Structures are given as structure tokens and as C-alpha cells.
Amino acid sequence: MASLAATEPAACPGATPAAESIVPACMFAPDRGCADDLSGADDFEDGEGTNGESADHLHLSNKLVLVSPSGEQYDSLFRHLREQIDEGCGETIYVVGMGSDGGDYGLDEKDMEASVATVRSLCEQIEADLILLRERTDTGGRIRDYLIRRRVGEQDFLEVRVAVVGNVDAGKSTLLGVLTHGELDNGRGFARQKLFRHKHEMESGRTSSVGNDILGFDQEGQVVNKPDSHGGGLDWTKICEKSSKVITFIDLAGHEKYLKTTVFGMTGHLPDFCMLMVGSNAGIVGMTKEHLGLALALNVPVFVVVTKIDMCPANILQETLKLLQRLLKSPGCRKIPVLVQNTDDVIVTASNFSSERMCPIFQISNVTGENMDLLKMFLNLLSSRTNFNNDEPAEFQIDDTYSVPGVGTVVSGTTLRGMIRLNDTLLLGPDPLGTFIPIAVKSIHRKRMPVKEVRGGQTASFALKKIKRSSIRKGMVMVSPKLMPQATWEFEAEILVLHHPTTISPRYQAMVHCGSIRQTATILTMNKDCLRTGDKAAVHFRFIKTPEYLHCDHKLVFREGRTKAVGTITKLLQAVNTQAAKAQQAKLLASKKTFREGSAANEEAASAARPPSPNAAQLPVGNQTPNLTTFKVKGLFGCCSFPVLRLALVLMFIGLLAPPPIISCPLLIFFPLWALTLSRLSRCSVCHAASDRGGGSVQRRQQREQAQVGRRRTPARWPAASRERSERGDHLHSGACRSSGHRLKPHRWGGEGGGRCVLRPPRFFNIK
């Protein structure tokens, strides 16, 4: 009975810690500490142990304890099984027929059936499912491995997040497409096309953003993903309804220029595990070591997937595996690589993967599907690493924002602790002043499925009431008012410099990644004169732009170019004064209100003092064509603000003087066309009255000058007046229709007098 003895420090005082061994000794071999203590078992014949427990409890490591347990033994078994399920976040692997008392492994047929009946009874009391993983034979009989998974509600499921990293062209998106859509790749990127989010990603074949995909498993451990037969898409709601466990893949970029996005995905999305992809034909190149070092710095367990084994020669594959094993065994990693080749290897590695010492290596092919079942089984056996207390005050970190038509502002992220229910009021912040504002949760979605509550460790999306998307940024949090949150400008951290070309000294600036926070910070002081590669120091940081909401003991990544450092926050120094920030915010709102009232009063005074525009009777109306003979040369060129027509006018005069008919005839033909265009350029698009667009007759020019009296200002000398005139649309170079008073919008290429009426769209060369 494997896993019980591993949780009994009293019975096995000399047992090796689980974090220091590949496989816990109490699970697959007789424990040395337990065997040494068997000689002293006679000292407890009076029924009491050293810690006050009964003598029957010391025999729980026997393989026959499940055959016919007593009442006390049954209660002890129930308590230990419940502790293991809580430790595994809802699931655990239970071995029947194996003890740690030094006896032979295995049970006969009768004892095995009785033991399984006892385990099934325990699972019914815990409300869990019992799933057979494998059955094997040993010297004493048969041994069975079971997966015990706690039952969840109809709209609930266990969630495990896996970050997918690796060098560019390693096959990350292709593997996710094969896993989630159930269709093999054609060797030319067919499977990855369904995962890309942007057009340039489809064209280049390279992921540049953080993508999310899900893989659902039912109670029997079978994949429930069934793509739509028409579009090939996945219905996340149906997958979550049928699944008891959902694996969320965080597809990250592999190219070096997208390293910032990859670091944000590793820190902001809080992955439980990291899947490192290595191309068998390319080997360990590019960003492979960078991503592995990032996962090790954040203490995320890593397993390796070697892809493209169908196209790689055998000698190149063996060379890649040797380099990979050498890298994992190096002093910087200190991992124990295990090559997974069968189901037994999958169960052993999955049982001990959370120890962070074991590193399974899978060899797969996305084209032939080789060893794909082993990888799916391994993903099904993974359990979340962290436990969350739902009784704590709620805290939710935001890693993305959306604006959904008909819904409003939507934020997505991860619930760090506590429980958030529908219509709860939380504090959103910090804003640029460091304050938090109350916000109500309008609706909650998990994996696109509407729910009424979310708990710690779950990702979700919230629709918020009465707030704009522009006022929310990545890195903000939504917390319970019980926490009384405060934003921080400065903090201290213990950092380790992984790489820097020269030295780091005070006033050095770099990007700090801490959770979903991504902001530049400056080093104010440190306990050393300078830092080089491999140095440790206590550093005092200050954010550049806005204060942030931080916690002590949070991991951070310090990055700038090729400089990389990791560390832990040890102390929060300068917190924002909430009262002063609120007073400053109220002062800004009052000043804005005063400015608006003053602008409105100035506009009313200016409109009262403005001379009236001439009426339509003073100007020719209708479709009359202006008399071209009244135009002077300056006016002729000024009324044509289009550069092409100006050039055509010059060429027309050249054509009149040029003797060859080849040049003169086309230009002379263009002249009447230009004359017809001139009538359209000189009229308002609304009332068709002649307007004052630079040039024209002397009479219209005089009328224009009289109408502009009192309105011309120099923006450099009167900025306030220029701003007021700009707000009401009275531009210097646009002019207005003298009959209707319609404002003429200026051309984007400028020019005094050029413009069109804003009340109608352009109809002729965009300068109507």
C-alpha cells in the first residue's frame, strides 16, 4: 500500500524526504527506516506509541491491512486517504498490494478483491472515483495502481495549467493542435493553423502572442475534445461540461524577439508545469536554454518533449538525447532525466513529478502519432501543485482586458486565493495615483462557460460594471475590501544575476516581471558597489511609471536586453498614501470641471461677438460656373489645392507654346476637363454656393476678408483662444461657406483655403 507510509513521519522517522529521491522508498521498495524500526515494535505491546497513537496504526504499512481492517484502522486509512487527496488538489495515485514492512509484494486473488472493496468503500465516503491504471505481477501476487479523483459538480472541473516553451520551429503549436483537435499533422503546418490568433502568425508560422487551448479528460481518463466537423473549432463549453479535469495549455512564443511575451506568460499566467519542446533534428539551440533557465528560476517542474522523430536519423536523435541528458544533469539544473517508453514509466514519473527533481523525456511524432498516448496519459495524471484556502479574502490578478460588444469591459486572469461570487463588490487598482476603486462583478465565465463562483487557483473572466477598458491595465488586481490594499512605489528584493555583459550599478533600469506586473524599475541602492554575473545582493527598486500591488516572498524576473536576474521580494518600503491620493484625484476632477465651464463661457462670448455670415443672396448660387477670366494667376493656382491639377495646369501652358502637336494636343484636351473640375472645387457641397477656397473673384475675396475680421488669431501668441476655436471647429485655414455658414474641413495635405464641407462626404477627388 504505497502512499500511506510516505505520509507517516512517526512510523518512518528515518525515511528519506520525497523531494530528494527519484521514487519514494515507501512506494516501490521496503523503506530502510521502517525496516530498522521493526525490531522495536515489541516495545509498544501496551497499545500506545510514542506519539500517543494506537499500536494498530503502526501496522498501516502492511499490505494486508486493507483485507479486513478494524474500526480504528479503517478510520486511519480514511484520514490518510483524505489528506493525500487534499495534498494532490483533488486526486492521488493509490497502490494496492504493496507494503513498506519488508514483506513480499503482491496479493492473491481473494485478498486483492477484498482490498479493492475496502478502497472503493473509502472512495465512496470521500465522494471520489476509483480508476484502474495498471495491473502487474510480483513474487507475492498481483499489484494494482489506481487513480482516485474527487468528484466535482456539473459546472466544475479540476484545472492544471501547462506552459509550452521551446525554441522557434520546435513544433509547439503543432503539438497543441494535434492534442486538442485530435487530428495528426501533414508535415507542413496543418495542425497549427487552428491555433493562431493573428494573420501575421498564419503567414509566418510563428507564434507572437500568448495563446490558450484546453484538453479535457472525463472520469475514465478519456479525451473528450471533439472538433466541429464544419469549421474545425472547439466548443469549450461542451468540453468543460463533459470533463472532470481540464488541461490548459499556455502556448508561448519561441522567437528571441518575443522573449518579453514569453516571460509574461510564465510569470503572469502562473503555470503548474512547463513542457519544454526540443526538435530532434535541430537539437538544443536558440532559446531552449533560456526558457529552461526561466522555468528553473521560477521553480516550475519541467518535462521535455522531443518532436519530429519520424524525420530525424537515428544517430542525430541519439546525439540530441545525450546532449539533453547532459544538460539536465548539469549543476545548474540538477534534474534526473527519465526516458518514458511505456505505461509503467508514465505512472512512476507522474507519481513523483511534483518533487521537481525528476524530468520525464517523451519522444513523439506529430505526423505518425507515435507515443502520443503516453503523453496524454501523463497529462491526465498530473495534479495541481498548490493548495488554496477558500476562506481567505479574495484576490484576482488581471493579465488581459477586452471590450466585448453588448457586454462591456471584460478582464481575464487567475484567482490567487479566496472565492469570488456573482455580484460581489471588489476593489480594482492600483490606478496611476495608487488608489483602488470599488467595482461590481456583472458575470463570471470559466473557459467560456458561465459560472456563479470561482475559487483560488482557477482562471476566469469577469464582466465589470461602469468602467472603461482604457482605465484598466495588465498588472492590476481585484481584491476584497477586507485586505485594505495599498500600492507600493519602492521595494527590496534579494536578486541573483544570471547574466550581464558588464556590471550593474545604482540608477540602472530594467524591466521587472512579478506575476502579471510588467514595468520598468530603477535600482536606487544595493549592498554592493556593483553586480556581475553570478552575484547575489539585496537591491532597492523603485517603479518608474505607476505604483503596483505587491506581496513579500513573490518571485520576480529582472530583465533588460541580454541581462537576466531572478529574485524574491523581501520588503515593501514606500506605500501610497490613500487619503492623499484621493484628495489629489478630487482636485484634478475639480480643475477639469472649472476648465470646461470656462471654455463654455468663452465660446458663448465669442459666438455673440462673431459677425454674421453673408446670406445666400449676396453670392451666386446654383450650378453657375465661375467666370474664369476674373481669376488672377495667383487665384487660379490657389483655388486648385490638388498638386496633380497644379502640375497639369503648368503643363497645359507649356503645351500651348510647344510646337509639336504630340505634346500640345493632350494638354489642350485636358484643359476643359480642368475647367469643369474648377466649378466643383469652388462650391459648397451642401448648398452648392460658391465658397471661399483660396482664390476666386475679387468680390468674393473681399467678402471673405470682411467675414474673417475678428476671427484671425495667431496660435503661438494666443494659445487659449486657438484651443477654444479648435474645439468649436473654427480652423484658420478651412474657411466657411459664405451662404450656409457650413464649416469646411481642411484637407489632410493642408494648404490655406483647401477643404470640404463636413456635413457631406467627399465625392470628387476627396476634396469636395
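Helices (H or I, at least four residues) and strands (E, at least two) are taken here as DSSP runs, numbered from the N terminus. On that basis the secondary structure of this protein comes to 19 helices and 27 strands. The model is predicted, and local features need pLDDT of at least 70, side-chain atom pairs count only at pLDDT 80 or more, while totals for chains, interfaces and linings use all residues. Residues are numbered from 1 along each chain as its sequence is written, and side-chain values use heavy atoms, with hydrogens and water left out.

Of the 768 residues in the protein, 48% are buried, where buried means under 20% relative accessible area with a 1.4 Å probe and protein chains only. Among contacts (heavy atoms within 4.5 Å) with a separation of 6 or more, 68% join residues 24 or more positions apart.

Helix H6 (residues 172-181) is largely enclosed by the rest of the structure, because 10 of its 10 residues are buried. These residues, including Lys172 and His181, pack against strands S4 (158-166), S5 (211-217), S6 (245-251), S7 (273-279) and S8 (302-307), and against helix H13 (372-381). Just after H6, Gly182 takes a positive phi of about 70 degrees.

Elsewhere in the chain, an open sheet of 3 strands has the order S1-S3-S2 with antiparallel pairing, two strands being paired if DSSP finds at least two bridges between them. Its edge strands, each pairing on one side only, are S1 (91-96) and S2 (128-138), and neighbouring strands are turned by 20 degrees against each other on average, direction ignored. S2 and S3 (residues 141-150) pair over 10 bridges in the antiparallel sense, and Ala128 has Arg150 in S3 as its bridge partner. Helix H12 (residues 343-351) lies across S1, S2 and S3 and runs at about 125 degrees to S2; axes are lines fitted to C-alpha atoms, for helices over the stretch in contact, and angles run from 0 to 180 degrees between N-to-C directions.

The last feature is a pocket, defined on a 1 Å grid over the protein atoms alone as an open set of points where a 1.4 Å probe fits, with protein on both sides within 12 Å along at least five of seven lines; its lining residues have an atom within 4 Å of a point. The largest pocket holds about 1,200 Å³ of space, a volume being the space filled by probe spheres set on the points. It is lined by 43 residues, of which Gly293, Leu294, Leu296, Ala297 and Leu498 are the closest to its centre. Helix H10 gives the most to this lining, with 9 residues.

Conventions. Buried < 20%, exposed > 50% of the residue type's maximum accessible area, 1.4 Å probe, protein only.
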